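This report covers one protein chain.

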Amino acid sequence: MARATASRAAAVAAPASTASTSSINPRKRRQSSPATAATAPATQSLGTLEFDDAGEDDGDVLAASDEGDAEAEAFPELDVDGSASEDASGSEGDDESFDGSYDSEEDAEDELDDEAQLRAELEMEQNEILSASSDDDEEDTSDLDELIRRNTVKPLEDEPEISSIPGQNRALRERGDDDEAFRGLTKDYMKRSRTVKSRLTGQEKTIWDEEIEPDYASDSSTEETTNRVGNIPQYWYDDMPHIGYDIDGKKVMRPATGDELDRFLTGVEDEMGGWANVVNKNEQEIKTLTEEELNLIQRLAKGENPDENYDPYAPMIPYFSSQVMDQPLSGRPEPKSRYLPSKWEHQKVMKIVRAIRAGRITPRRPGAPKPVEKPQFYALWSASDDTPTAPHPMHMPAPKLIPPGHSESYNPPEEYLWTKEEEQEFNEQEKEDKKGKVVPRKYSTLRHVPAYDNFVQERFERCLDLYLAPRMLRRKPRLDIKDPSELLPRLPSPQELRPFPTTKSVTYLHPNGVRVRSVSIDPTGMWVITGAEDGEVRLWECAVGRCAMKWKVGGPKDPVLSVEWCPDREKSLFAAVTANKIHLISPLPLISDALAGRTSAFALAGFNAAATDDAGNKIRPPTQPDGVAWRKPRDVSEREEGRLVEVEIPGHEIKQVTWHKRGDYFATVSSPGAFDGRKHLVPSEHAMLTTTCLTAGARSVLIHQLSKHHTQAPFAKLKGDVQRIQFHPSRPHFYVATQRHVRIYDLMKQQLVKTLNPGLKWISSIDIHPLGDNVLVGSYDRRLVWHDLDLSTTPYKTLKYHARALRSVAFHPSYPLFASSSDDGSIHIFHATVYSDLLTNPLIVPLKVLRGHEIKDSLGVLDVKWHPKEPWVVSVGADGVGRLWCN
């Protein structure tokens with residue numbers, strides 16, 4: 001102790017001899033005094049940061065900084081070892097004679113006097129520092145560590161931090177430091193309970209802080225919530241006496257609720273009648289909304305601002321003035337306190353210093369050559385080897401330009417100048433043809449050469465090229481497309497796909513140009529029948545065009561809407577439909593007796609069916625739909641001309657008939673709707689007509705069996721209005737086309753198989769490929785859809801070649817052809833090859849457009865049918881003419 005005191009007294013003696021110097025700048029005297037440096041940590045919480053340039057002191061400070069960094073201190077402390085060692089080296093003679101003991105009591109008293117003198121000296125020095133710091137004009141800003149010491153404060157480690165929970169801060173203040181129950185405990189400010197040792201029992205107990213006071217700083221709303229079970233179903237507590245738990249874990253008991261009479265009385269006594277009461281399911285209490293809450297709800301329901309005092313049309317406040325001032329508001333310089341170094345910057349500097357000392361950062365030696373600097377910019381279009389290229393793997397040199405010739409000179413010879421005709425011809429060329437060419441001009445001097453006219457435009461286009469189409473390496477071979485037709489799919493030539501119809505061959509003229517609705521060809525290909533609006537069915541020789549027979553089955557107000565030959569070659573008969581009748585007719589005078597006998601026997605077999613079976617039991621006749629009757633013609637002349645059977649379906653307006661492939665069953669389609677006084681819009685002749693229907697929608701589709709004279713309605717309920725029906729050529733499937741969908745039903749299993757979505761607005765016609773895996777659908781919105789049943793329910797191809805509504809589509813029974821007719825008066829012939837390989841898509845090629853029908857009353861070709869053996873097609877239209885088209 002005496003040795004340390006003597007060393008401090010010796011250190012004070014040096015600054016006492018230079019009193020004048022210390023009085024001028026006491027802080028510098030403090031830096032040179034080790035005693036002051038040693039006592040500084042006792043009076044301040046932050047040590048002085050040393051930044052002197054002295055050689056020995058710098059190393060000591062760095063060493064001290066490294067030690068402080070190892071201890072992970074936020075602020076490195078002073079290293080007084082270096083300065084103490086320097087002062088100790090100055091008084092080596094005194095220290096060598098000291099052996100650690102006092103010789104006499106006088107020495108001890110002298111030591112005490114020296115200590116008192118040293119304390120007085122330190123107090124005087126501290127007062128001088130404080131008085132000097134109050135005067136800013138005499139302050140020396142070069143003393144950086146003293147400024148840092150006075151302007152930075154290190155927080156005390158034993159002082160508790162301020163908690164975000166208000167109740168906990170108050171509990172900490174009420175405890176005090178002298179409470180023995182809380183001494184030695186780790187202050188965990190995030191916990192609401194603490195375990196302490198009881199003074200009475202000596203056992204550990206848990207002490208809870210006071211409850212949290214909810215305010216705007218908490219996560220919950222300002223309204224106090226008693227039940228803290230969270231967002232769970234409240235019916236979990238229906239069988240319990242409580243409804244949840246509070247924040248302390250205690251049960252929240254269920255409040256008492258009154259009966260209906262109490263609720264009624266509460267509503268009567270309420271000023272608002274009880275309509276403003278809401279039930280808080282979490283608290284099981286009835287809350288009454290205030291006027292402010294009701295007003296807020298009304299404003300939110302109207303889509304208005306929730307704030308009632310919000311003014312959307314408030315005057316604008318000019319936060320920024322448009323008037324620019326000549327002089328600033330104040331010319332006072334910035335205070336020096338804003339230029340104080342940051343402690344974070346100090347840490348970064350010390351990190352760099354430690355890296356230099358460890359060898360991780362090697363500074364450049366004096367006289368060493370400077371490293372080669374990387375260029376900031378690169379010559380983009382330079383092709384020389386000396387110029388560095390951009391460090392990019394996709395770098396490509398610019399193409400070399402052709403050296404300029406005489407035509408690019410500003411003073412070319414006379415023979416290189418163009419004439420006016422050549423300039424006019426050059427100006428008339430396209431922009432792409434002018435690229436790279438320059439009109440030669442002659443100027444006497446270079447300063448007379450004007451600026452380039454298209455410089456800005458070409459530079460702009462070049463920038464667009466660089467921005468939208470940057471240079472890149474082509475990794476795929478470039479397509480050499482010389483003709484745009486190469487982009488089209490490669491289809492076979494129509495000459496290779498012959499035969500197909502191309503020429504008008506035979507004409508079937510109807511009298512008075514009556515509109516012909518339907519046409520059909522018998523299985524042998526010899527006869528053609530047509531149904532017209534005058535109520536007559538005419539039989540024509542296919543190859544000659546002679547009208548062989550005709551039958552009057554209707555009238556001007558009862559047109560023939562559809563005709564269809566029976567596909568069975570062993571029978572020669574066809575079906576013709578009018579408004580509510582089906583006529584089964586056979587050209588008996590024109591066919592052989594054997595064929596006529598088989599046809600008549602088959603058609604009339606239903607009338608001659610036995611009423612009893614072989615055992616003598618009475619056979620119950622099959623049930624028919626209401627009103628359906630099978631009759632023989634009453635007139636003998638009608639029977640002789642071939643009228644075999646009439647099927648009357650009252651209340652129906654039949655518009656289509658189609659046969660099954662075996663020739664025993666045929667189906668009919670009636671107009672949609674029922675005769676219930678309602679009017680329906682149905683497409684008729686390219687227009688929307690209002691018609692009245694008779695039967696229910698479920699009976700619009702009927703299937704008839706000719707051999708038993710039996711009629712049945714296969715559907716109890718149908719979705720949508722049925723437009724067309726068709727039998728599958730090889731499977732027991734039945735196709736029903738409504739306005740927007742095509743549904744496929746299995747007649748054996750009596751269930752729906754598939755629903756096709758052609759994406760059309762109004763379906764007009766349908767036909768099935770002879771192989772049965774592809775379907776053609778035509779529509780009134782000019783589109784033709786090809787469905788591949790093996791791919792998807794959506795269309796495989798959608799064709800739009802016609803200009804008006806499609807009326808009919810048909811597949812050829814043996815050739816890979818199909819046709820479509822439209823109101824634009826044209827017939828389109830297509831080649832369609834369907835492959836047996838499921839991986840190969842069908843090949844569809846347009847072949848020929850046949851034009852020969854006139855458009856009458858906005859109607860064109862109404863029906864088209866193929867010849868069963870030849871690549872011929874028969875068409876009928878609104879002009880009253882039927883035509884046979886041959887190859």
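D788 sits in strand β29, which spans residues 784–788. Helices (H or I, at least four residues) and strands (E, at least two) are DSSP runs, numbered from the N terminus. The model is predicted: local features need pLDDT of at least 70, side-chain atom pairs count only at pLDDT 80 or more, and totals for chains, interfaces and linings use all residues. Residues are numbered from 1 along each chain as its sequence is written, and side-chain values use heavy atoms, with hydrogens and water left out.

D788 is buried but has no salt bridge. Buried means under 20% relative accessible area, exposed over 50%, and partly exposed in between (1.4 Å probe, protein chains only). A salt bridge is a side-chain nitrogen of Lys or Arg within 4 Å of a carboxyl oxygen of Asp or Glu. The nearest side chain of opposite charge to D788 is K754, 8.1 Å away. For charge, Lys and Arg count as positive and Asp and Glu as negative; His and the chain ends are not counted.

What does D788 touch, leaving aside its neighbours within four places in sequence? Its contacts are D773, N774, Y796 and P842. Contact means heavy atoms within 4.5 Å.

## The chain as a whole

The protein chain has 18 helices and 37 strands. It holds 887 residues, and 34% of them count as buried. Take the contacts with a separation of 6 or more: residues 24 or more positions apart account for 51% of them.

## Salt bridges

Side chains of opposite charge can pair when their charged atoms come close. The salt bridges here number 18.

| Pair | N to O distance |
|---|---|
| E423 and R441 | 3.4 Å |
| E648 and R631 | 2.2 Å |
| D823 and R807 | 3.2 Å |

E423 and R441 form a salt bridge. E423 belongs to helix α14 and R441 to the loop between α15 and α16, so the pair ties together parts 18 residues apart in sequence. R441 is partly exposed, at 41% relative accessible area.

E648 and R631 also meet in a salt bridge. E648 is partly exposed at 24% relative accessible area. R631 is partly exposed at 37%.

D823 and R807 make a further salt bridge. D823 is in the loop between β32 (817–822) and β33 (826–833), and R807 is in strand β31 (residues 806–811), so the pair ties together parts 16 residues apart in sequence. D823 is buried, with a relative accessible area of 0%. R807 is buried too, at 12%.

Salt bridges also link R515, R517, E533 and D857 in a network.

## The second largest pocket

The second largest pocket has a volume of about 1,500 Å³. Its lining comprises 32 residues, with K437, V438, Y452, N454 and E458 nearest its centre. The elements giving two or more residues to this lining are α14 (420–427), α15 (431–434) and α16 (455–468). Which element gives the most to the lining? That is α16, with 5 residues.

A pocket is an open set of points on a 1 Å grid over the protein atoms alone, where a 1.4 Å probe fits, with protein on both sides within 12 Å along at least five of seven lines; lining residues have an atom within 4 Å of a point. By class, the lining has 14 nonpolar, 6 polar and 12 charged residues. Ala, Val, Leu, Ile, Met, Phe, Trp, Tyr, Cys and Pro count as nonpolar, Asp, Glu, Lys and Arg as charged, and the others, Gly among them, as polar.

Key: Points joined across faces, edges and corners; volume = space filled by probe spheres on them.
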